[in-house]
Amino acid sequence: MIRAYRTDGSAEVIGPDDATGDFDASIIWLDLVCPTKEEEQQVENRLGIPLPTPEELKDIEPSSRLYVENGGVYMTASLIYKVETDLPRLTDVAFILHGKRLVTIRYAEPKSFALFSASLLRASEKCQTGTILLGRLLETVVDRTAEVLEILATRLDALSVSVFVDRKAARRRPPRFLEDKLLDIASHHQLVSKTRDSLISLSRLVTFLQSQQVVRHEEEAVELCLVVARDVQSLAEHAAFVSNNITFMLDASLGLINVEQNAIIKIFSIASVVFLPPTLVASIYGMNFHVMPELDWNYGYALALVGMLISAVIPFLFFRWKGWL
């Protein structure tokens, strides 16, 4: 699908019937969403520039993601989407500056594009060239990335509250509670990892964009690039901080699991030690030798029970005195 946005903020969908002639001069932004081969060919013929293929968008070489060709500035960035799901993903989006027009190619629906297109009608007077429009779009992308980090920080706070509770609440936790939390931590780590990858690609894109003559000729575009670059840098630092918190949560959860396992082993160890003396007494008087003086005692059975009880109580009290229980 080809969406065309004009300088007044209005939008329309360009169909196959509009495949001849140049694009209207008022069209400032062409947004290609999951374009077909025919739609790509249509745009290429009408603009006179080649468009990158989906395979080229996935190339990680800087020379394949950031370059100038046939008077067009080609840039590719990885944007995060499906943040609200358990499987956040990255999608490669191409940004092409050709003359005063911006062309974007994407095969997913990052929320930042929907937010920007919705606000474009209200602030169309601020986006009269493709370069400025790209700067505003990158601002929205960065703002959305900041929102993702805020969502992640909120999730980590809730996770911290559920993991680090008082001892009484910890005793009432269901089995495998902490093990299940490890899956949540893994999901959060995946989200922050993809966010950092997205910020790295945006940082490279903005640095490349600042070096282009098409940006240097517009003062507003230069200022927008500087703002976006500073925001990306601050968000990268914040993402590193969040990543460190996730690492701490992982280490703490594993530590709590080890503590709980050690407590269980401790209980069994103490129980075996406590019941060892009574077992020894019962074993002695359970022997079947013919000559055993205690067999003739009238109160031998009661004394054996008392002996077993005392031999169990003494280790128990000793452990309590040592603070092991």
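**Fold, sheet and surface**

Analyst: The secondary structure of the protein chain comes to 11 helices and seven strands. The model is a predicted one.

User: What share of the residues of the protein chain counts as buried?

Analyst: A residue counts as buried when its relative accessible area is under 20%. The protein chain has 325 residues, and the share of them that counts as buried is 39%.

User: In what order do the strands of the open sheet stand?

Analyst: The sheet is open, has seven strands and shows mixed pairing. β2 (11-14) and β4 (66-69) each have a single partner strand, so they stand at the edges, and one side of each lacks a neighbour in the sheet. On average, neighbouring strands of this sheet are turned by 25° against each other, direction ignored. The order is β2-β1-β3-β7-β6-β5-β4.

User: Is β1 largely enclosed or left open by the rest of the structure?

Analyst: The burial of its residues decides this: β1 has five residues, and four of them are buried.

User: In which sense does β1 pair with β2, and in which with β3?

Analyst: Between β1 and β2 there are four bridges, with Tyr5 opposite Ala11 in β2. Between β1 and β3 there are five bridges, and Ile2 has Leu32 in β3 as its bridge partner. The pairing with β2 is antiparallel, and the pairing with β3 is antiparallel.

User: In which sense do β3 and β7 pair?

Analyst: β7 covers residues 101-106 and is joined to β3 over five bridges. Asp31 stands opposite Thr104 in β7. The sense of the pairing between β3 and β7 is parallel.

User: What angle does the direction of helix α4 make with that of β3?

Analyst: Helix α4 (residues 111-120) packs on the sheet and touches β1 (2-6), β3, β5, β6 and β7. The angle between the direction of helix α4 and that of β3 is about 150°.

User: At what angle to β7 does helix α5 run?

Analyst: Helix α5 spans residues 130-163 and lies across β3, β5, β6 and β7. Relative to β7, helix α5 runs at about 40°.

User: What is the phi of Cys34, and what is that of Lys82?

Analyst: Most residues other than glycine have a negative phi. Cys34 lies in the loop between β3 (27-33) and α1 (37-47), and Lys82 lies in the loop between β5 (72-81) and β6 (89-98). Cys34 is partly exposed at 42% relative accessibility, and Lys82 is partly exposed with a relative accessible area of 42%. Neither is a glycine, yet phi is positive in both: near 45° for Cys34 and about 55° for Lys82.

User: Which residues make the nonpolar surface patch of about 510 Å²?

Analyst: One of the contributors, Ile284, is in helix α10 (residues 276-284). A patch residue needs over 30% relative accessible area, and Ile284 is partly exposed at 38%. The nonpolar patch is made by Leu280, Ile284, Tyr285, Met287 and Phe289.

Notes. Residues numbered from 1 in each chain as written. Predicted model: local features only at pLDDT ≥ 70, side-chain atom pairs only at ≥ 80, totals over all residues. Heavy atoms only, no water. Patch = residues over 30% accessible without salt bridge, like charges linked within 9 Å, V, L, I, M, F, W, Y side chains within 5 Å. Areas by Shrake-Rupley, 256 points an atom, 1.4 Å probe, with all protein chains shown as cover. Salt bridge = Lys/Arg side-chain N within 4 Å of Asp/Glu carboxyl O. Helix = DSSP H or I, 4+ residues; strand = E, 2+ residues; numbered from the N terminus. Buried < 20%, exposed > 50% of the residue type's maximum accessible area, 1.4 Å probe, protein only. Pairing = 2+ DSSP bridges. Axes fitted to C-alpha atoms, helices over the stretch in contact; angles between N-to-C directions. Contact = heavy atoms within 4.5 Å.
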